[in-house]
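Student: I am new to this structure and would like to learn how to read it. Could you walk me through it?

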Amino acid sequence: MFAEETAAVADAAGWFLTHAWLIPVIPAAAFFVIILFGKKMPRGGSEIGIASMVAALVIASGAAYQWIDRVANSEEATAVIRTKTWWSSGGIKFAIGEQIDGLAIMALLLVAFISTLVQIYSTEYVRGDRRYTHFFASITLFSAGMLTMVLAPNMVQFILGWEIMGLCSFLLIGHWWEEEANARAALKAFFTVRTGDMGLLVGTAMLLAIFGTLDIGGEHGINVMAANGEFSSKNMLMWAAVALFIAAIGKSGQFPLHTWLPDAMAGPTPVSSLLHSSTMVVAGVFLVARIYPVFHTGLDINIAGNHVNLIAVIGGITIIIAAALAFVQNDIKKVLAYSTVSQLGYMMMGLGVGAWMPAVFHIFTHAFFKCCLFLCAGSIAHTGSHHSFDMKDDMGGLRKKMPVTFIAWMVSTLALCGLPFFSGFFSKDEIIDSAKHNNYTVFFVVGLVGAAMTAAYMTRATYLTFFGKPRGGAAHFVEGHEDHSHDEAADEIHHDVDGLDTHAHVAHDDHAPLHHGKPLPFAPSDSSWQITVPLIILGTLAFVSGYLNAAPFGWHKFETWLESSVGLPIGEGGVPEAAAFHWINAVPSILLVATGFAISLFLCVQVYGKETSPFKGLTQRNALLGAGHRFLVNKYYLDALYEGVIVKAIAHPIAKAAYWTNQNILDGVVNAVGIGGRRTGLWVYKNIDQRVVDGAVNGSGATARGAGGALQPVQSGKVSMYGALLFGAAAVGALVLVLVNS
Amino acid sequence: MVLASDIEVAQNIGFIIIALAMVFAAVGVIASRNVVHAALSLVIVMAGAAAQYVLLAAEFVAVTQVLVYIGAVMVLFLFGVMLTRAKLGKDVDLNNNNAIIAAPVALLLFGVLAFVLLKGFSDDKLPTDSKPQSTQTISDLIFKPYLLPFWALSFVLLAAVIGAIVLARKD
Amino acid sequence: MLVNQFLILGALLFCMGVYGVLTRKNAVMVLMSIELILNSVNINLLAFDRLNGSSDGNVFALYVIAIAAAEVGVGLAMVLLIYRNRKNISLDDLSEMKG
């Protein structure tokens, strides 16, 4: 079955380029070694995982070097394609091998690099876990799956990698499956993605029917044929593109199928970090980028007068919906999760408006800063907040105690918000700019609004986590060094009163983490080197990576390296040329980001900042500063009521009335924005996300009940009834197709 | 349906007779009130199908059909009827009251299929000169291009054997 | 002979099989109706095979027969198991999936 090598390398390519297939093979082999022998190894198999990822990284770096060389030395660098027949059936051969071009190299390097850092980080983060070895086995196979996918020369290998990732994400999200919520989250992720996977299978089958081949690159590959119009039915290509895009929606957490992503936070933080930065969720975007001509031709992107297409619409909706949801989350990881969904929306929207290069570049930069943000969250939970991810109850004021984490977080946040000169600016702004340049004005506006919202919710998260007074898990260990033992029982008792007495301990903050020269157990302090070193590296890259393609300075390295991967001519009849950069075009987005930042900061200080103001201080100030100030102060502690922190003390009707008057008259404008945004977010979360989308995803059962039981008999549980529905639906569907086509 | 061919009268007559027998027997399978009668009607349908395969010049499949279906599967069915102690006479409780839904669904399905087939293959004739498929051709196909599905099938059968034993044994 | 006479026969058997699957209460009889469906598929495969003058359809008809045998084996084993536990193989009583 494993027949001879079928395709020779066209021209002499370097060793690393022709042997890039080793990159996924090494981690895949490492997986088996870890599973079989990991338990007996001194470090439980983690050393094998890390070694394999480092090896993959070395080969990927070599390949990147040689690819850059290849681009520099030839007019038009073609992809290095090597295949072997994997299996054949009915006269059609399916190959396995590698297709190395700029896009593949970029993804390989990214995945290998981030996987290495995440594994190093994990050695500390999951130390002592009961399934330590299995964790490393799964995470190594997970990376192998993604690597297999990105260098796939045909759709079959693509599906192979895609499915390996699906399986491993299930294993990793459900790593702590003893808790039912985690097991359920794993199942939800698996099934939601599976729904999309049907689209991948159907779409791939349609591609085979249309083009007669499943090879992606090469002279007779899907990309070339789609770009040159070598197909019989445009209609069919359109449906194939839709089916494949459904797969991308499922995997990349786009709008109707995004619900699994926040739940996937049930897994260990390094998993979230890997899942959300360079693997898994990027797979959907990568699919669209990889066979872009299919989507470009099939969905009529960049056709004059065509201002809307499926990809851009879904991407745009995702940006706004997910960003709105990020406002109402108290779990730091969930904020980041919705942020990822929103950023993936940017990538999709970029691809939808014909901005291939900025979208792919956004994959690149986003991977670094999002990975860094997740690892920061993990670092906080690991040593800062007693394994809690609740920003509101267990964090706050951590900036001085965890300086490394804080700085890494800040750099990544600024990159995410797209502040000028940080990496996100060069990628995200390019997408927004291209939307305008390519005449997709609606999506230009969506992109701008999304940018402002991003700045706002990240400011909120940053404020809650690093500023203000320490609360809950972040605070109560501080007092411990004075006169309490650190056993869990004592912690639990003090937990309840923390909200009230943290104030008393603020004075000790500076030297609190030290206890006889050693950090206290769980006292907020920066983590050990396994955690901080990846943070530092990623934080640096979050800043630096943008300069590979910094349009403001005329640097287009990234573009030169990846040009040949688009699969379409750049310019007339293909992807539009990138707009020349003018600072004036970036002004609206910078202004909006600044506005979002300012409003959010203002609201945060108002709402959360005074949260822990002790009541005596309040009355004092009331007495001192008089009635004018009273409204303001009242508002603060009634906002705290709204947050449910100090309910008893202020359950007072007069204060409430004053609060509302104050709210509506004095702070009308500011609060209209704040509360409105919050309400919208909550409403969207409650109604659209939880009811409509979740409901629809969870099946028709809930919908039927919601419709007043009218459809209840349908869910009779009788097999024959289900059968009747199945066949009836199939018959009606067939009838519709017949009528449409005749 | 039109008796369009003016050459293969014998085959057409054969087809009509067998097809009618199959349809009547199929009605028996889905409507009989007696389980054993239904099972025996199924034998007629399967034998008829085997005869149609011969008309379609597929001898090997026809023989396999007789061996596997009539020889093995039917015996399994009769065992099933026996072991579940179905009433051997008339049984009024064989059907549920879904006919009111099932009939329109089946009719709709048939309507769509018939429409598409009549439209798509209005009067395409089968080639008259086709020779029976030799067993060698079929085996060449199975063991060369379609080897992979054959392997998969072997696993399915293995799983079915194990599964059937696990499910049905008493302990 | 027309290809359509075989195809229509297949369609008819298929729809009768569907009707049987939907209306029968007895699990063994549902399995019998499924056999009708599988046979109709085989008729189609072989008709197309002859129309195109190839032999691929024969191969797949054989595979279908093999699958059908496996399906009946497992299906009847499950029916027996249900019978042993409930003394009854009426599918209508199996409504654990009620929503």
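This is a predicted model: local features need pLDDT of at least 70, side-chain atom pairs count only at pLDDT 80 or more; totals for chains, interfaces and linings use all residues.

Student: How many helices and strands does the secondary structure of chain A come to?

Tutor: Helices (H or I, at least four residues) and strands (E, at least two) are DSSP runs, numbered from the N terminus. Chain A comes to 30 helices and five strands.

Student: What share of the residues of chain A count as buried?

Tutor: With C-beta atoms placed from the backbone, a residue is buried if 20 or more other C-beta atoms lie within 10 Å of its own, exposed if 12 or fewer, and partly exposed in between. Of the 742 residues of chain A, 53% are buried.

Student: How should I read helix α15 of chain A?

Tutor: The expected span of a helix is 1.5 Å times one less than its number of residues. Helix α15(A), residues 332-352, has 21 residues and reaches 30 Å from its first C-alpha to its last, close to the 30 Å expected. Because 21 of its 21 residues are buried, α15(A) is largely enclosed by the rest of the structure. Just after α15(A), A:Gly354 takes a positive phi of about 90°.

Student: In which sense do β2 and β3 of chain A pair?

Tutor: Two strands pair if DSSP finds at least two bridges between them. Here β2(A) (80-89) and β3(A) (92-100) pair in the antiparallel sense over nine bridges. One bridge joins A:Thr83 to A:Gly97 in β3(A). The hairpin has two residues between the strands, and A:Gly90 takes a positive phi near 60°.

Student: How many residues of chain B are in contact with chain A?

Tutor: Two residues are in contact if their C-beta atoms, placed from the backbone, lie within 7 Å. Here 14 residues of chain B contact 14 residues of chain A. On the chain B side, α4(B) gives the largest share, eight residues.

Student: And how many residues do chains C and B give to their contact?

Tutor: Chain C gives 62 residues and chain B gives 78. The largest share of the chain C side, 22 residues, comes from α3(C).

Methods
Residues are numbered from 1 along each chain as its sequence is written. Chains are lettered from A and ligands numbered from 1 in the order in which they are written.
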